[in-house]
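Biologist: Please take me through the spaces in this model. I want the rule behind each label.

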Amino acid sequence: MWPFSRKPKAPRSAPVFLTNTLSGKKEQFVPLKPGVVTLYSCGPTVYSQAHIGNMRTYIFADMLARLLTQNGYRVRRVINITDVGHLVSDADEGEDKMEVGAKREGMRSEDIAAKYARMAMEDMQKVGIDTADVLFPFATGYIKEQIAFVEQLMKLGHTYRTRDGIYFDITTFAGYGKLGEPTHHTHKEGSADTLSTRIALTEHGRIKHNDEKRNPADFALWKFSPIGIRREQEWPSPWGRGFPGWHIECSAMIKALLGTEIDIHTGGMDLIPIHHNNEIAQTESLTGKQFVKYWMHVAFLNIGEDKISKSLGNVVYVSDVVERGYHPLALRYFFIQAGYRNPISFSWDALAASNEALNRLWRIARELKSETKGVSVSSEIADDIRRYLNDDLATPKALALLWETVRDDELSPKVRLGVLLAADEVLGLSLSEPPSFSRVSQSVPADVQSLVDEREAARGTRDFARADELRIHIENRGYAVEDSPTGVVIVKK
Ligand code: AMP
Ligand code: ZN
């Protein structure tokens with residue numbers, strides 16, 4: 001089954017423009033094969049829980065897939081699950097993140113991977129990502145393909161062997177670094193008495209294996225298990241027991257699942273200098289053809305002024321959003337207020353405002369649906385919204401026009417509903433099926449909250465006269481009360 005089988009609303013010929021990191025420019029999208037798009041997104045490293053920054057990147061890919069579907073394309077999607085080989089440092093050093101996770105939780109890597117992959121998928125669904133028709137391959141499920149890929153690179157003369165692994169020699173690939181200047185991470189001395197680096201320590205206790213690299217940006221395709229140590233995750237290979245380097249999984253899985261030339265590849269901007277330049281080097285060295293037609297990258301979500309980081313203790317998860325009483329789709333609303341190429345900064349106040357705005361949109365959607373009995377009509381405004389979204393996913397512009405439209409009483413409810421539905425096909429805010437959000441918004445002031453509680457109590461004792469009186473008090477304070485089968489919704493009027 002193809003993803004997003006809903007009937008496309010816009011004509012197939014509507015042009016779509018995307019910013020391509022490869023050219024640094026906005027380009028008109030033309031697929032490799034008419035009517036079909038192959039779209040690959042770098043997915044989670046499943047050694048810990050995916051955070052809301054990761055979700056920003058996945059939501060972007062979801063909107064992109066919806067946009068292409070709406071424009072009449074059939075989209076074949078893959079999001080990989082990295083469950084081996086992603087080392088703590090980008091310079092092929094330090095422990096494997098999966099080993100870190102397994103040790104931390106006293107579990108096997110395989111179980112850690114299964115646990116966090118499942119959680120990531122559940123979180124993706126909560127923030128409105130359509131996962132049903134996305135393939136989620138695990139890197140450990142494609143070891144054979146990765147070994148075969150490295151063997152071919154070896155035959156073509158792109159590799160060399162050091163004491164700790166097989167490396168790609170970047171000087172053998174003329175176009176190395178097409179996406180942007182690679183940053184070379186140098187190792188920190190003394191940081192590394194770990195499983196995968198122990199082998200490389202010399203008698204002086206210094207890490208030596210980097211010295212065997214011919215160029216600082218050369219990268220590991222296959223790493224050997226340290227002599228005398230059994231890694232939990234290791235496989236036989238023509239070069240001895242070991243495990244794949246991080247970058248090879250994407251090249252090998254893309255080749256296996258989508259082909260050697262694909263339309264779009266997405267990820268966060270952090271992946272540009274090393275991971276994606278390395279993916280290009282591997283695949284294009286093998287095929288001699290252009291690997292990806294459009295590279296698209298999402299700017300980072302920060303927390304306040306800071307990077308999301310465990311060491312700063314500021315990591316926010318979808319589960320935190322839910323625990324604080326916000327709907328997870330409020331996060332999606334928060335993200336789409338900015339263009340995907342702009343860094344954004346998260347705060348709980350900003351999320352509260354998004355939560356409120358989204359609840360207001362849901363209330364309007366419910367009203368319009370009941371006024372129109374669900375019948376909507378097309379309009380130029382709906383076309384304008386589609387045009388904005390087709391223009392490199394200009395979500396802030398689309399959202400602004402959406403608000404302007406739904407507030408315009410001079411437009412017929414059917415037109416307004418049509419605009420709301422058109423926007424939602426790509427935005428994915430559940431405006432077509434507004435959920436009954438049963439929890440009271442966190443940002444409701446305490447006095448309003450106590451009126452709400454009192455009203456609930458009155459309803460509980462079937463004192464409806466008192467409940468109605470309290471509703472008026474709440475409304476006088478600027479809040480609307482909506483009762484749903486699952487509870488009460490309070491939204492700012
Ligand atoms: P990881 O699980 O670290 O391999 O990251 C998964 C995806 O999330 C990659 O595409 C990263 O580029 C992206 N990513 C990581 N951190 C952030 C962030 N703070 N904001 C946006 N995207 C991010
Ligand atoms: Zn990747």
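Modeller: Start with the second largest cavity: its lining has 9 nonpolar, 2 polar and 1 charged residues. This is a predicted model; local features need pLDDT of at least 70, side-chain atom pairs need 80 or more, totals for chains, interfaces and linings use all residues, and side-chain values use heavy atoms, without hydrogens or water. Residues are numbered from 1 along each chain as written, chains are lettered from A, and ligands are numbered from 1 in the order written.

Biologist: What makes a lining residue nonpolar, polar or charged?

Modeller: Ala, Val, Leu, Ile, Met, Phe, Trp, Tyr, Cys and Pro count as nonpolar; Asp, Glu, Lys and Arg as charged; the others, Gly among them, as polar. The lining includes Arg56, Phe60, Gly339 and Thr395. α1 gives the most, 4 residues. Helices (DSSP H or I, at least four residues) and strands (E, at least two) are numbered from the N terminus.

Biologist: Why is one space called a cavity and another a pocket?

Modeller: The test is escape. On a 1 Å grid over the protein atoms alone, a cavity is a set of points where a 1.4 Å probe fits but cannot get out; a pocket is an open set with protein on both sides within 12 Å along at least five of seven lines. Lining residues have an atom within 4 Å of a point. The count is 5 cavities of 30 Å³ or more.

Biologist: How much space lies in the second largest cavity, and how much in the largest pocket?

Modeller: About 90 Å³ in that cavity; about 1300 Å³ in the pocket. Of the pocket's 44 lining residues, Tyr47, His51, His86, Lys97 and Asp270 are closest to its centre. A volume is the space filled by probe spheres set on the points, which are joined across faces, edges and corners.

Biologist: Where does ligand 1 sit, and how do you know?

Modeller: In the largest pocket. To sit there, more than half of its atoms must lie within 2 Å of the pocket's grid points. Ligand 1 therefore passes that test.

Biologist: What makes the approach of Asn54 to ligand 1 a polar contact?

Modeller: A polar contact is a pair of N or O atoms within 3.5 Å; within protein, one must be able to donate a hydrogen and the other to accept it, and residues adjacent in sequence count only if both atoms are side-chain atoms. A polar side-chain atom of Asn54 lies 3.0 Å from an oxygen atom of ligand 1, so the pair qualifies. A backbone N or O atom of Gly268 is also 3.0 Å from a ligand oxygen. A nitrogen atom of ligand 1 is 3.0 Å from a polar backbone atom of Leu301.
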